[in-house]
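Here's a quick tour for anyone opening this structure for the first time. Take a look, then read on.

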Amino acid sequence: MQSAPYRFSVAPMMDWTDRHCRVFHRHLTRRALLYTEMVTTGAIIHGDRERLLGFDAIEHPVALQLGGSDPRDLAQAARIGEDFGYDEINLNVGCPSDRVKHGRFGACLMAQPELVAVCVEAMKRVVKVPVTVKCRIGIDDQDAEVALDKLARAVVASGCDTLTVHARKAWLDGLSPKENRDIPPLDYDRVYRLKRTMSDVPVIINGGIPGIDEAKAHLAHVDGVMLGRAAYQEPWRLLSVDHDIFGEVAPHATMQDALEAMMPYIERQLARGTRLHAITRHFVGAFHAVPGARAFRRHLAENGTRPGADVRVLEDAIAKISQRQAA
């Protein structure tokens, strides 16, 4: 069993944490562990691997999150991910979307802890990087006291290096994926109890954590904290991670500095045919309570999607902030 290597991480979020988002987040924090969107084993084995798995070296440390339930497929996908250079392989046992449920992976696997354990064991046999699991505290009518312990003990016995727990149940019958993000009540104490009963297991807590101060409070009880929507929708919060969590200097002092440092990356991506909006869509929440923030967002929205849009659009949007600050 390895000790928890990351005290802070940014959650994998489908359609959100793509490679451009991760490069942006890395300009805000050197120390946070970043995650890919969940990628299914079938897509990796049969699809365009470079498109699905390619990432920029600046993103390290970065984890690949897999969706699947076939041990052989997961082992193959994990090996491919390690060959691509990912620092961790994570198995999703927490996503409640209909697409995931019908594919027999994600949160529905909380009902099959023995299968999850076999999947973890299969991946551990073929990779040297850590293999981790992200789960919920339970699903539907499961007793969260029993279900979480059963899953945790099964996967740890199979070699799982770290367990990340979203401190909500997932209701696969009766709630939509969106509702599952908010309606099931948070139960942080349940995750704390897991850590107390399995003190040698690195446990990371996730779910509804609004900011860095709250993250620091959780660290009194668990080994690490994962931020999801707060990190994506309000990325300015990540600027304080390195200082407040690790006692280190942030890579950039301000959001404006971070965005300006993104310019060379953006230019390289545009030269490869990437559209500007595919990158700048992740900047919408960059500025909080800053004069000119609304003008910044509006300029990106109105101009970032136009054919031929280039870094000048972002430069002009940033200038809206500078102009208001100088006024």
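Let's start with glycine 138, which touches Met110, Ala147, Arg168, Lys169 and Ala170, leaving out residues up to four places away in sequence; contact here means heavy atoms within 4.5 Å. Keep in mind that this is a predicted model, where local features need pLDDT of at least 70, side-chain atom pairs count only at pLDDT 80 or more, and totals for chains, interfaces and linings use all residues. Residues are numbered from 1 along each chain as its sequence is written, and side-chain values use heavy atoms, with hydrogens and water left out.

**Glycine 138**
- You'll find glycine 138 in strand β5; strands are DSSP runs (E, at least two residues), as helices are (H or I, at least four), numbered from the N terminus.
- Glycine 138 counts as buried because its relative accessibility is 0%, and buried means under 20% relative accessible area (1.4 Å probe, protein chains only).
- Glutamate 267 sits 129 residues from glycine 138 in sequence and 45 Å from it in space, C-alpha to C-alpha.

**Aromatic pairs**
- The whole structure holds 4 aromatic pairs, meaning rings of Phe, Tyr and Trp (its six-membered ring) with centres within 6.5 Å; planes under 30 degrees apart count as stacked, over 60 as edge-to-face and the rest as tilted.
- One of them is the tilted pair of phenylalanine 55 and tyrosine 86, at 4.5 Å centre to centre and 45 degrees between the planes.
- Phenylalanine 287 and phenylalanine 296 make an edge-to-face pair, with 4.9 Å between centres and 80 degrees between planes.
- Phenylalanine 55 and tyrosine 86 are both buried, and phenylalanine 287 and phenylalanine 296 are buried too.

How values were computed:
Buried < 20%, exposed > 50% of the residue type's maximum accessible area, 1.4 Å probe, protein only.
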